[in-house]
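Hi,

Here is the structure I promised to pass on. My notes on it follow below.

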Amino acid sequence: MKFTLTGIACFIIAALIGLGELAWIILVFIWGVRIAIDPSRGRIVRGAAAAASIAILTAHFAGYKFFGSATIHDNRPVLDSARQLASIAAPNLIFATDGSRIEVRGVTFTPALLVLSTEELNRFLSRSSEVTLIQADPSSPSGSVFQGRNQYFCGNTFYPTFIPDRLPAYSKADVGNYLAAYGLATIDKPE
């Protein structure tokens, strides 16, 4: 069986598409072993190849990847004085479980938002099954922010670099702008 360079390249590309990071790990391992056991290469080259493949694989499994999807790290706490969301009320109030209330300035909640249960509202805002954490924030446009989980289908797609960055799992977002973007609040016109 004769292997051509084009055939090998097509196989590698198909493996990377089909197996993703596993194919990358296998290729690095095979490359390191292949050069490390080749007697025609010098001792320094063989040692360097083995050390390089071990270093690349160690960094990959430690979360510092040279190829593949980015590592998502837990960066909580995102909010400094967070409270758990309990309910919402018209026209623009959010209530926390401790009884405190936060006014969402500049918006009016729509009826579609007001009929959501607390569980549905939590899933919508936090983008997970976790509870939603909120806090008043005078520097945000609506005066209130929440902690939500970031969704990445491929971290390196959003932040393309040769070495994928470690991406935050959580971020804070303005409540008013977020609800208005999804049509669950209307932005009030200034008078």
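Helices (H or I, at least four residues) and strands (E, at least two) are DSSP runs here, numbered from the N terminus. This is a predicted model, so local features need pLDDT of at least 70 and side-chain atom pairs count only at pLDDT 80 or more, while totals for chains, interfaces and linings use all residues. Residues are numbered from 1 along each chain as its sequence is written, and side-chain values use heavy atoms, with hydrogens and water left out.

First, S53, which sits in helix α3 (residues 43–61). S53 counts as buried because its relative accessibility is 6% (buried is under 20% relative accessible area, exposed over 50%, partly exposed in between; 1.4 Å probe, protein chains only). Beyond its neighbours within four places in sequence, S53 contacts V28, W31 and G32 (contact: heavy atoms within 4.5 Å).

Now the aromatics. Rings of Phe, Tyr and Trp (its six-membered ring) pair if their centres lie within 6.5 Å; planes under 30 degrees apart are stacked, over 60 edge-to-face, the rest tilted. That rule gives four aromatic pairs. F124 and Y182 are edge-to-face, because their ring centres are 5.2 Å apart and the planes stand at 85 degrees. This pair links distant parts of the chain, 58 residues apart: F124 is in helix α5, and Y182 is in the loop between α7 and β10 (185–187). Y178 and Y182 have centres 5.0 Å apart and planes at 55 degrees, so that pair is tilted. Y178 is buried at 11%, whereas Y182 is exposed at 51%. Ring pairs join F124, F146, Y178 and Y182 into a cluster.

Cheers
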